[in-house]
Protein chains: 2
Amino acid sequence: MHRVTWTGIALVATLAVGTATAAELPPRPTVADVVKESKPADWRALDPANTLYMELPAGRVVIELAPRFAPLHAANIRLLARDHYFDGLAVIRSQENYVVQWGDADEKSPRPLKSAKSSLPPEFTIPLASDPAFVRLPDGDVYAAEVGHANGFPVARDPKTGEAWLTHCYGMVGVGRDAAADSGNGSSLYVVIGQAPRHLDRNIAVVGRVVSGMSLLTTLPRGTGPLGFYEQPSQYVPISTLRVAADVPVAQRSKLEVMRTDGPAFQAVLAAQRNRGGPWTKFAAGKVDLCNAQIPVRPAP
Amino acid sequence: MHRVTWTGIALVATLAVGTATAAELPPRPTVADVVKESKPADWRALDPANTLYMELPAGRVVIELAPRFAPLHAANIRLLARDHYFDGLAVIRSQENYVVQWGDADEKSPRPLKSAKSSLPPEFTIPLASDPAFVRLPDGDVYAAEVGHANGFPVARDPKTGEAWLTHCYGMVGVGRDAAADSGNGSSLYVVIGQAPRHLDRNIAVVGRVVSGMSLLTTLPRGTGPLGFYEQPSQYVPISTLRVAADVPVAQRSKLEVMRTDGPAFQAVLAAQRNRGGPWTKFAAGKVDLCNAQIPVRPAP
C-alpha cells in the first residue's frame with residue numbers, strides 16, 4: 001500500500017530492483033509531516049462543555065458536539081448525559097458499511113426521560129449566516145453545491161436555499177428518529193462506520209463527531225437482525241456511563257486537540273492528501289474528497 | 001435512521017404524533033424492492049475460475065476477481081492459490097478507516113513462490129477499449145472525469161488519456177507493493193474497509209471485490225503497530241486455505257449471484273439510492289456517489 005507498509009515486511013522489496021517504468025514523483029510533505037511542523041496556534045483544545053465521553057467495556061469513545069449546527073439537540077444530549085440517561089443502556093446495532101447505534105432497546109418499558117425534551121425541531125440544516133467559520137474545499141462534491149469545513153466538522157452548503165449542514169462522513173454522529181421529522185431527541189445516537197451515507201444528509205440532525213475511540217465501535221460484531229440490530233440482549237455492548245466532559249474530574253478527562261480547520265496547517269493537510277509525493281505514489285490524485293479529508297486529532301502536548 | 005429501524009424499537013415513535021412540518025415525499029421503490037422484483041436475467045452467477053475463497057476461523061470470505069482490469073495479477077493470484085501459497089499465512093494488518101491486509105509477515109525467511117511470478121507489470125490502468133462493459137454513472141465524481149460500472153465493479157475513466165481503472169471503493173481488493181511500480185505480485189492483498197481511499201487509484205493493481213464475508217475482515221481488532229500492522233504474531237488471524245472456487249468441490253462452493261450492472265435492474269437500484277421516497281426520507285439526495293452505489297449480491301435461487 002504505502003511505502004512505509006513494507007518497512008517491516010520486506011518480502012516484495014527484495015524482489016523488485018529498479019524496473020519501474022513510471023516517472024518518479026518528487027517527495028512531498030505528508031499529513032504526518034504537516035502535523036509535526038505545526039504550531040500550537042494551529043490547534044484548539046476540545047471544549048469540555050461540548051465533549052462527551054461514552055465508556056464501553058473496551059474503553060472510552062470521545063465525541064465532540066457541534067452545537068452551532070444542532071443547538072437544541074446538543075443541549076438535549078447534555079441534559080440526557082447529566083441525567084445519566086445512557087448509563088446501563090447499550091450499543092444495540094452494528095450494520096456493515098453503515099452505522100453503529102446506541103440507546104434503549106426496550107420498547108415495552110422504555111427508560112423515561114427526566115429533564116430532557118422528548119421531541120425537538122428537526123435542525124437538519126442551518127442558515128448559511130449561522131456558519132461563519134466555513135472554509136470552502138474547492139475540490140468539488142457529488143451531492144452538494146459547496147463543501148468545506150467549519151470548526152473541525154465537514155459541512156455542505158446550498159447558496160440557492162441559503163442552507164448549511166453537517167455531512168455524514170465516517171465518524172460523524174447523528175440522532176436516530178422515527179418517520180416524523182421532529183421525532184428525534186438524542187436518546188438514540190449512531191455513528192457512521194463505512195462509506196459516507198450522504199443520502200442521510202439533511203434528513204437527520206447531525207450532532208458531532210467521534211474524535212477518539214472509533215475502533216471500539218467499528219470492530220463490534222455486526223448484528224444479525226434486520227438493519228444490523230443485535231438479536232439477543234446478550235449481544236448488547238453495555239455503556240457504563242456517558243458524560244459531558246465538563247462533569248468529569250479534570251484528572252480523568254481525555255486531553256485532546258483538534259487541528260483548526262480555518263488555518264494554514266489544515267490547508268497544508270489538504271494539500272498533502274490531494275497530491276502525495278513519491279517515491280511510493282506514482283500518480284497524484286489532484287483532488288481530495290470531503291469525507292477523505294482527515295481532520296487531525298492529537299493528545300494535547 | 002431508517003424507518004424500519006424503529007419497527008422493533010418504538011420508543012421514539014410513541015412520542016411523535018403528526019407534528020412533522022416538512023412536505024412528505026411520495027413512497028418510492030427501495031433497493032430491496034428492486035431486488036424482489038428483479039428477473040433471473042438481471043443476475044449472473046460468479047464464475048468459479050474468477051472466484052476466491054479465503055477461509056478464516058470465523059468463516060469464508062468470497063472475492064470476485066476482475067481479470068479484465070488486471071489479467072496478469074489475477075492469473076498470478078490463481079497460481080498462488082493453486083500452489084496453496086496462502087495456506088497457513090494470515091491477516092497481518094487492520095488499520096482503522098483504511099484497509100485490512102493479508103500475506104506473509106515473515107521478512108527474514110519469506111515463504112518462497114512456486115509457479116507464480118515474483119514481479120508483474122503494474123496493471124494500474126487499462127485502455128478504454130478493453131472495458132466494453134462500462135455503463136456510465138451520470139452523477140459526477142470528485143476524482144475522475146467519468147465513473148460507472150463494468151461487470152459488477154466500480155470503474156473510473158479518463159477519455160483524455162484513454163485509460164480506465166478500478167476504483168478503491170469499500171470492499172475492493174488490491175495488490176500490496178513496494179515503491180517500485182512493478183513490485184506487487186499478489187502475494188500481499190488488502191481490502192478497503194473505510195471511506196474510499198481514492199488517492200490509491202491508478203497507483204496499485206486492483207484485482208477484485210469482496211462479495212461475501214466483509215464483516216469477517218472489518219470487525220477484526222485494529223493493529224496497534226504503525227499502519228495498523230499487528231505487533232504480535234499471536235494477533236495474526238490465520239488463513240486456513242485460500243482457493244480458486246473452481247478447485248473446490250461443487251458441493252462446497254458458495255452459490256452467489258451478482259446483479260448485472262449493464263441492465264435495467266441495476267439502473268433501478270441506482271435510482272432507488274439516488275432518490276429515496278417517504279415517509280422517512282424528507283429530502284431526496286438526487287445523486288448517488290460511485291462508492292455509495294450498492295451492487296447487489298444474493299444467494300443463487
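Student: In this predicted model, which residue of S3(A) does Tyr53(A) stand opposite?

Tutor: Tyr53(A) faces Val62(A) in S3(A). The strands concerned are S2 (residues 51–56) and S3 of chain A, which pair in the antiparallel sense.

Student: What makes S2(A) and S3(A) a pair?

Tutor: Pairing requires at least two bridges between the strands. S2(A) and S3(A) have six bridges, so they count as paired under that cut-off. They also form a hairpin, with two residues between them.

Student: Which other strand pairs with S3(A)?

Tutor: Strand S13 (residues 206–212) of chain A does, in the antiparallel sense and over four bridges. One position in this pairing is Glu64(A), whose bridge partner in S13(A) is Arg209(A).

Student: Why is S3(A) called mostly covered?

Tutor: A residue is buried if its relative accessible area is under 20%. Five of the seven residues of S3(A), which spans 59–65, are buried.

Student: Why does Gln273(A) count as buried?

Tutor: Its relative accessibility is 2%, and the cut-off is under 20%, so Gln273(A) is buried. This residue is found in helix H4 of chain A. Beyond four places away in sequence, Gln273(A) touches Val31(A), Lys287(A), Val288(A), Asn292(A), Ala293(A) and Gln294(A).

Student: Which other residues of H4(A) are buried, and what covers them?

Tutor: The buried residues of H4(A) include Ala265(A), Phe266(A), Val269(A) and Leu270(A). Their cover includes helix H1 (31–37), S7, strand S8 (146–150) and strand S16 (256–259) of chain A.

Student: What is the order of the five-stranded open sheet in chain A, and which strands are its edges?

Tutor: The order is S6-S10-S9-S8-S7, with antiparallel pairing. Strand S6 (126–127) and strand S7 (135–137) of chain A are the edge strands, since each pairs on one side only. Within this sheet, S9 (residues 153–158) and S10 (residues 163–166) of chain A pair over four bridges. Ala156(A) stands opposite Trp165(A) in S10(A).

Student: What makes a set of residues a nonpolar core, and which members of the largest one touch the most others?

Tutor: Its members are buried residues of nonpolar types, joined through side-chain atoms within 4.5 Å. The largest core has 51 residues, and Phe69(B), Val155(B) and Leu166(B) touch the most other members. H4(B) gives the largest share, five residues. Apart from this core lies another, of 50 residues, among them Phe69(A), Ala156(A), Tyr190(A) and Val248(A).

Student: How do you know that the two copies are related as by a two-fold rotation axis?

Tutor: Chain B superposes on chain A by a rotation of 180° with 0.0 Å of shift along the axis, at an RMSD of 0.0 Å. The copies are therefore related as by a two-fold rotation axis.

Student: Why is it said that the copies meet through the same surface?

Tutor: Of the interface residues of chain B, 100% are also interface residues in chain A, so the copies meet through the same surface.

How values were computed. Residues numbered from 1 in each chain as written. Chains lettered and ligands numbered in written order. Predicted model: local features only at pLDDT ≥ 70, side-chain atom pairs only at ≥ 80, totals over all residues. Heavy atoms only, no water. Least-squares fit on C-alpha atoms with pLDDT ≥ 70 in both. Contact = heavy atoms within 4.5 Å. Buried < 20%, exposed > 50% of the residue type's maximum accessible area, 1.4 Å probe, protein only.
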